[in-house]
Amino acid sequence: MPASVTLKQLSYSTPDGHTLFSDLDLTFGPVRTGLTGRNGTGKTTLLRIIAGEVQPASGSVLCSGTFAMLRQHIDTVCQVADLLGVGDALARLDRLERGEGKEEDFLSADWTLPSRIDAAVAQMGLPALEPNRPLATLSGGQRTRVALAALILQQPDFIFLDEPTNNLDAGGRAAVAHLLHQWRGGAIVVSHDRTLLRWMDAIVELTTLGATTYGGNWDHYQDAKARELAAAQHDLATAERQEHDAARRAQEAREKQARRDGRGKREGAKGGTPRILLGMMKNRAEQSGGAVENLADKQRSQATEQLTAARAKVEVLTPLSVKLNSTGLPAGRIVLSATGITGGPDPEHPIIRNLSLTLTGPERVAIAGPNGSGKTSLLRLLTGDLPCLQGTVRLGGSMAFLDQSVSLLDPEQTIRENFARLNPDSNENTVRAALARFMFRAEAAMQHVGSLSGGERMRAGLAVTIGGDNPPALLCLDEPTNHLDISAIEAVEAGLRGFDGALLVVSHDADFLTAIGTDRQVTLD
């Protein structure tokens, strides 16, 4: 029997009573399926329910075959062997090699295990690792690669991956993609990495309304969403026409009734018609006219409801587009000049040495390199967040820096208060207009930053830095898409596409760098 995962009438609510999904029916076959959706829709929770780690409120999960799960967060207290799931097996081999093994050790020993471990670790792009090496001595990306190597060792029928490329450099992302490309079993992958989702055989989109399955990879899904948008726009045009026609018919019915009423009054004023007959004629005309008018009003009400629903669907499907004020940055101006800079978090061992860099005009430059090569340190040196041990940095205009946590925002203040603090010359109209461009309208602008999701916080950071009357000539961004869902990433991309200043960006997201139109790349070894 082929491996499969079947969900029937599955429901789950958070401890505070918020329903994530209700009566969910889904089937995952032995193919690679990407599970996507906005943050907060319950993707990780659904994966944990399938794995048996969380109990649903109702419904059932039926899994045929074996499975293994890669989690977002890995405990750093244990050792490499523990993460690989081979601690006991290696201890058994060690006892046998020392001549201390028992009969059951001989019966269950796997002498191929050390070579298979080396092969799995090498497949994930890691050097040979001592099994007793503490995980705390590895970087986050290295730990993720070891966890992926564990899946290769186990070879289950199904693998469940929860955001496997978070915190990975380009090499690590390529290793995950390679693993999935070679995988012949079933896979359910929660991810916002569009490059990774292109390796999928199907996409399941989880929303507050349920789940929708799309055949094909991410590009097929995008095509399907584009067709949905085109159909929604057609439905909107039809609804607008029907609402206009219904409004016209209702007005014509009222005018016709008014003319009847006028004729009746004129006939009554002539005095030639018996009063009882006039009364009967009046009642008949009122009943007939009232029925027609009520029908016309009902049709108009229905048309208005359809129009409202059509507009809402188009708004949901339409990508965000942001129009910003111009920086006025001329093409020939040098906005950043760094000469021979050296520095880093540890002055005794500077990670950046003798580096020079120049940005001219509205250039868009990506800083690339493997994890640990000093990309974030370089940004901090260039923005003055870290002092240079040697060399000079000169700015040719105003500059703003958004780190991964958007720390320039005060979490105790509202979005509006943060904007006013960072743009002291802006009046209330400017503040509201700028925040509205980034979808913080009316009461949404009064949310405290500490209550925002990662995507909302990054969007708020863009609003307060580049959304005002005088956006900076240079904007520096450090991994702006980390931990954001695809909807939030696309909103950030839309904001940056509307920015005509210079950009200096650290990111491993190739789709993001393409979407914002980077001109060149500086690679750190």
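**Exercise 1. Count the disulfides in the whole structure.**

Solution. A search of the whole structure finds zero disulfides. The test asks for a pair of cysteine sulfur atoms within 2.5 Å. A disulfide is a covalent bond between the sulfur atoms of two cysteines. Next, take two cysteines. Cys63 is partly exposed, at 28% relative accessible area. Cys388 is partly exposed too, at 27%. Here buried means under 20% relative accessible area, exposed over 50%, and partly exposed in between, with a 1.4 Å probe and protein chains only.

A note on the source: this is a predicted model, where local features need pLDDT of at least 70, side-chain atom pairs count only at pLDDT 80 or more, and totals for chains, interfaces and linings use all residues. Residues are numbered from 1 along each chain as its sequence is written, and side-chain values use heavy atoms, leaving out hydrogens and water.

**Exercise 2. Summarise the protein chain.**

Solution. Start with secondary structure: 16 helices and 17 strands. These are DSSP runs, numbered from the N terminus: helices are H or I with at least four residues, strands are E with at least two. Then burial: 45% of the 525 residues count as buried. Last, contacts, meaning heavy atoms within 4.5 Å. Among those between residues at least 6 apart in sequence, 71% join residues at least 24 apart.

**Exercise 3. Find which residues of helix α1 are buried, and where they point.**

Solution. Helix α1 covers residues 43–50. Its buried residues are Lys43, Leu46, Leu47, Ile49 and Ile50. Look down the axis of α1: they fall within an arc of 160°, so they line one face of the helix. The arc is that of the directions from the helix axis to the C-beta atoms. Just after α1, Gly52 takes a positive phi of about 85°.

**Exercise 4. Describe how helices α3 and α5 meet.**

Solution. Two packed helices are described by the angle between their axes and the distance between the axes. For α3 (residues 87–97) and α5 (residues 113–123), the axes come within 11 Å and cross at roughly 140°. That makes α3 oblique to α5. Axes are lines fitted to C-alpha atoms, for helices over the stretch in contact, and angles run from 0 to 180 degrees between N-to-C directions. Under 35 degrees counts as roughly parallel, over 145 as roughly antiparallel, 65 to 115 as roughly perpendicular, and the rest as oblique.

Now the residues. Ala89, Leu90 and Leu93 of α3 meet Leu113, Pro114 and Ile117 of α5. In α3, Leu90, Leu93 and Leu96 are buried. Their arc is 120°, so they line one face of the helix. The buried residues of α3 pack against α2 (80–84), α4 (103–108) and α5.

**Exercise 5. Locate the largest nonpolar core.**

Solution. A nonpolar core is a set of buried Ala, Val, Leu, Ile, Met, Phe, Trp, Tyr and Cys residues joined through side-chain atoms within 4.5 Å. The largest has 48 residues. Those with the most contacts inside it include Leu84, Val86 and Ile117. Helix α6 (residues 140–154) gives the most to this core, with eight residues. A second, separate core of 37 residues includes Leu402, Ile466, Leu477 and Phe512.
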